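Please look through the sequence and the model below before reading on.

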Amino acid sequence: MRTKLVAGNWKQHGSLATNIDLLAAVREGAAGLKAEMAVCVPYPYLAQARSVLDGGRVAWGAQDVSEHLQGAYTGEVGAAMLVDFDVRYVIVGHSERRACYGDTDAVVAAKFDAARQAGLTPILCVGETLAEREAGITGKVVTRQLDAVIARCGAAALADAVVAYEPVWAIGTGKTATLLQAQEVHALIRARIVTDDRTVGEELRILYGGSVKPGNAAELFSQPDIDGGLIGGAALVAADFLAICAAC
Ligand code: PEP
């Protein structure tokens, strides 16, 4: 039985002063909810997230990790450093990193590997651009992104991971995939993993991300292969994030 998970991705938003209210409200509101919940905050706020959320129902996570364990990599943050802050989840392969920072499939696979080796739970993002969807190659793109991780780590490695299907054209645009479009790709992702490892595929949590709001969360999360959400903009408003969590 897969437990639903809702993870917030704060992206490059927040400040020490404003985070306090958001974190405290999320902690308090989450107390009565059943879903698993997490917020992935910018690195400098991990200590703050831990101090506010520790002992509550909401885990904290990071939005990226270095593929290197340690060394002369200016600006990078290693998985062991995240473990120092009791981080549970780390997003890898977000489309913004793939598009703006050159994270190739191979780099994403290396980051996934580094996260797992440190005992973190990677949230592996996959998804197609609008041009790729219009060209009819959504399945091919998503499969290629998954295969890079499977080639490096094996399908069994996904037992300790989460996959997020995020159509790039739906991120921050207000456009959500239809239930059919989302379910279709989620089913394809699960089938790809089941081909290599039935149990891992059936147990894998696959989140949907892309303009999830309180108004569309319940119907998305009711699809058979959608196990929760990765939430961007709506994660910055406590009431919206909690309403989405409650929809699980
Ligand atoms: C995201 O960037 O992971 C995301 C899903 O953003 P939004 O919810 O704002 O579309």
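A polar side-chain atom of H94 lies 2.8 Å from an oxygen atom of the ligand, a polar contact being a pair of N or O atoms within 3.5 Å. Backbone atoms take part as well: a polar backbone atom of G172 is 2.7 Å from a ligand oxygen atom, and a backbone N or O atom of G232 lies 2.9 Å from an oxygen atom of the ligand. Of the 290 Å² of accessible area that the ligand has on its own, the protein covers 97%, as computed by the Shrake-Rupley method with a 1.4 Å probe.

This is a predicted model, in which local features need pLDDT of at least 70 and side-chain atom pairs count only at pLDDT 80 or more, while totals for chains, interfaces and linings use all residues. Residues are numbered from 1 along each chain as its sequence is written, and side-chain values use heavy atoms, with hydrogens and water left out.

Around the ligand there are 14 residues, of which K11, H94, E166, G172 and S211 come nearest; a residue counts here if one of its heavy atoms lies within 4 Å. This shell has 4 nonpolar, 8 polar and 2 charged residues, with Gly counted among the polar ones.

As for confidence, pLDDT is the predictor's confidence in each residue, from 0 to 100. The chain has a mean pLDDT of 97, and 100% of its residues reach 70 or more. Confidence is lowest in helix α6 (residues 130-134), at a mean of 96, and highest in strand β4 (residues 89-92), at 99, where helices (H or I, at least four residues) and strands (E, at least two) are DSSP runs numbered from the N terminus.

How values were computed
Polar contact = N/O pair within 3.5 Å; in protein donor to acceptor, adjacent residues only side chain to side chain.
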